[in-house]
Amino acid sequence: PATTEIPAPAPAPAPAPDTSEAPAPETSSASAPESSSSGNGGSSSGSGSLWGLTYSPYNTDGSCPDVGTVAGQLAKVAAVTNNIRLYSTDCSQLSNALQAITSNNLNLNIHAGIWISNGDSRMQSDLNDFVSAAKKYGTNLIKGVSVGNEDISKGMSESTLIGYINQVRARLQAEGLGNIPVYTTEQDAKFTSGMAAASDLVQINVYSIFDGSFTNIDASVQSIIQRANNVKSNVAGGKQVRFGETGWSSAGSTGPSPLTLANEIQFAQKIKCAAKSAGLDYFYFEAKDAQWKQGESASEQSFGIFNSGFTPKFDFSSLNAPSKCILFVSGLDPEVTEETLHGAFIPFGDIVQITLPPAPTSASRHRGFGFVEFEEASDALAAIDNMHDNELFGHTISVRFARPNSTSGFASSGAMFRPDSLVSGSSNGAVVSTKDNTRVFIEFAVDGKPSGRVVFELRDDVAPRTAANFRALCTGEKGFGYTGSRVHRIIPGFMIQAGDFTKGDGTGGRSIYGTTFNDENFTLEHSGPGTLSMANAGPNTNGSQFFITLDKTPWLDGKHVVFGRVVQGMDIVRMVEALGDKNAPLRPLKEITICNSGLQ
């Protein structure tokens with residue numbers, strides 16, 4: 001029987017129906033690097049806008065608040081985060097916070113602090129207060145305790161600091177509180193491997209606005225993440241790394257970027273996205289403006305997201321705006337379309353929406369820039385890392401996080417994005433999808449272990465007959481289909497082939513219309529990774545076998561019917577690709593099967 005083939009790129013001739021397998025493309029470009037979000041093992045941020053928030057409860061004049069004031073403030077904090085960091089136990093702040101949380105059923109965890117900057121007597125007082133509060137209210141809400149804050153930066157020796165850490169740990173163990181993590185907090189540049197060894201986790205304070213090392217907010221955020229990654233690689237010894245403080249002031253001046261409320265909002269939005277991408281938990285500095293720090297600069301007093309009267313300084317819903325991470329892509333060639341832009345960015349993760357604003361003088365041309373909205377923050381950051389200052393259609397493109405359109409947050413559909421998900425029409429013959437097309441899924445198993453789901457959009461609007469065949473084979477509604485069949489051919493950098501549910505070797509399969517059916521059209525192109533197309537043994541021999549491209553494959557245009565694309569799970573596609581061998585494409589490194597499929 002004929003082998004269903006996918007030909008190599010020109011000038012290699014297309015194989016005849018009865019030839020052996022086609023070779024892999026000899027000159028195909030390497031696939032884009034994959035992104036991964038490797039967590040540190042920290043707790044979930046829950047439903048809060050920020051992972052964590054530092055909280056110093058002092059009144060404006062520096063006096064201690066009563067428990068009612070603390071309760072009122074923490075009720076507002078609980079709408080923004082699920083984690084608060086305290087620096088000390090003075091003013092009964094730990095016991096007041098525990099009482100407020102338990103009495104009012106607030107969804108807050110406490111990461112406590114013991115102050116050591118003022119010597120042994122103050123340290124022992126804080127430690128006694130900590131033990132008393134923990135025994136009174138229990139340890140469920142206390143997720144850890146930092147022994148000191150930037151004390152190496154203040155001149156304390158490393159040995160003295162480690163001695164305090166060990167004293168606190170020994171006391172907690174003696175009091176039956178040994179389950180509480182003990183650590184210290186220090187500036188990233190001052191944190192040593194010895195301090196990391198003495199701590200249960202590595203908590204670092206990282207800012208870039210004071211050292212002038214950045215040129216804009218994007219650069220500031222990238223610098224902060226890189227510095228945390230340096231600590232993770234060089235100091236942490238495999239322990240969790242977490243930001244104890246990072247933030248932006250809304251007043252004063254330092255460095256080249258203005259300290260304004262608008263920039264504070266931008267920074268908060270972007271550090272949230274970038275930290276999630278890097279798998280880093282963080283405490284945003286800080287809850288309220290610190291007018292109690294009398295004599296300090298305006299910038300030092302203005303880091304809060306609440307003012308000193310605990311009124312919000314901006315709409316906190318704007319902090320959720322970049323959770324899907326909108327990228328601004330500029331420098332685009334006039335021939336770039338939404339379809340080709342999708343092909344360029346889909347290797348990095350699931351895309352929610354792509355928009356190319358039309359030029360005012362022509363409905364068929366864009367303005368040279370566009371927006372790409374990713375489902376996951378980690379994917380957006382990976383796209384920046386890999387696509388910024390790279391070439392697309394011969395033009396060097398710039399890829400950055402989209403800017404907010406006002407102090408209320410990032411622009412959304414109707415401002416930066418057109419209301420419709422995607423629009424039809426393009427400048428190079430590609431046809432862009434409509435939002436009403438069918439979506440189906442395929443779940444892959446590797447050596448019998450379920451390994452992930454890939455979701456496809458089927459182009460009912462362009463190739464309805466081909467799409468209907470694939471849909472029915474996914475659902476099994478005709479009594480036969482893909483579930484239980486294997487992936488029989490993988491050529492890394494080129495394509496993944498599957499769908500032979502009768503023989504499993506590329507010589508079988510059948511359509512819902514009979515053994516084969518004719519080519520429907522060649523309207524859609526093999527424009528990039530994630531294209532879904534029909535395998536065949538020559539013209540008009542479509543059955544059930546299909547392939548997913550791993551790169552742009554224009555030599556297949558006009559020979560294979562494109563009828564869909566990957567819209568979710570490109571990371572699973574890349575995982576399957578990694579199990580292929582160019583030298584033995586019919587022998588994947590592991591057994592890969594379709595363990596489930598159906599309508600999404």
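1. A term first: a polar contact is a pair of N or O atoms within 3.5 Å; within protein, one must be able to donate a hydrogen and the other to accept it, and residues adjacent in sequence count only if both atoms are side-chain atoms. Helices (H or I, at least four residues) and strands (E, at least two) are DSSP runs, numbered from the N terminus.

2. Basis of the note. This is a predicted model, in which local features need pLDDT of at least 70 and side-chain atom pairs count only at pLDDT 80 or more, while totals for chains, interfaces and linings use all residues. Residues are numbered from 1 along each chain as its sequence is written, and side-chain values use heavy atoms, with hydrogens and water left out.

3. Overview. The chain has 11 helices and 24 strands. Of its 600 residues, 56% count as buried (under 20% relative accessible area; exposed is over 50%, partly exposed in between; 1.4 Å probe, protein chains only). Contact means heavy atoms within 4.5 Å. Among contacts between residues at least 6 apart in sequence, 71% join residues at least 24 apart.

4. Helix α1 (residues 67-77). Asp 66 caps its N-terminal end: a side-chain oxygen lies 3.2 Å from the backbone nitrogen of Gly 68. Val 70, Ala 71, Gln 73, Leu 74 and Val 77 are the buried residues of α1. An α-helix has 3.6 residues a turn, so residues three or four places apart point the same way. The cover over the buried residues of α1 includes β1 (52-54), β2 (83-85) and α2 (93-104).

5. Helix α6 (residues 217-234). Its 18 residues should span 26 Å at 1.5 Å a residue, and the end C-alpha atoms are 26 Å apart, which agrees. The expected span is 1.5 Å times one less than the number of residues. Buried residues here include Ile 217, Val 221, Ile 224, Arg 227 and Val 231. The buried residues of α6 pack against β6 (202-205), β7 (241-246), α7 (261-278) and β14 (398-401).

6. A four-stranded sheet. The order is β10-β11-β9-β14, open and antiparallel. Its edge strands are β10 (351-355) and β14, each pairing on one side only. Neighbouring strands are turned by 20° against each other on average, direction ignored. Two strands pair if DSSP finds at least two bridges between them; β10 and β11 (residues 369-374) have four. Ile 351 stands opposite Phe 374 in β11.

7. A helix on that sheet. Helix α8 (residues 338-345) touches β9 (326-330), β10, β11 and β14, and its direction makes about 140° with that of β10. Axes are lines fitted to C-alpha atoms, for helices over the stretch in contact, and angles run from 0 to 180 degrees between N-to-C directions.

8. Backbone points to check. Most residues other than glycine have a negative phi, and most peptide bonds are trans. The bond from Phe 285 to Glu 286 is cis, with omega near 5°. Glu 286 lies in the loop between β8 (281-284) and β9. Phe 310 is found in the loop between β8 and β9, with phi near 65°. Phe 310 is buried, at a relative accessible area of 3%.

9. One further positive phi. Asn 540 has a phi of about 60° although it is not a glycine. Asn 540 sits in the loop between β21 (531-534) and β22 (546-549). At 36% relative accessibility, Asn 540 counts as partly exposed.
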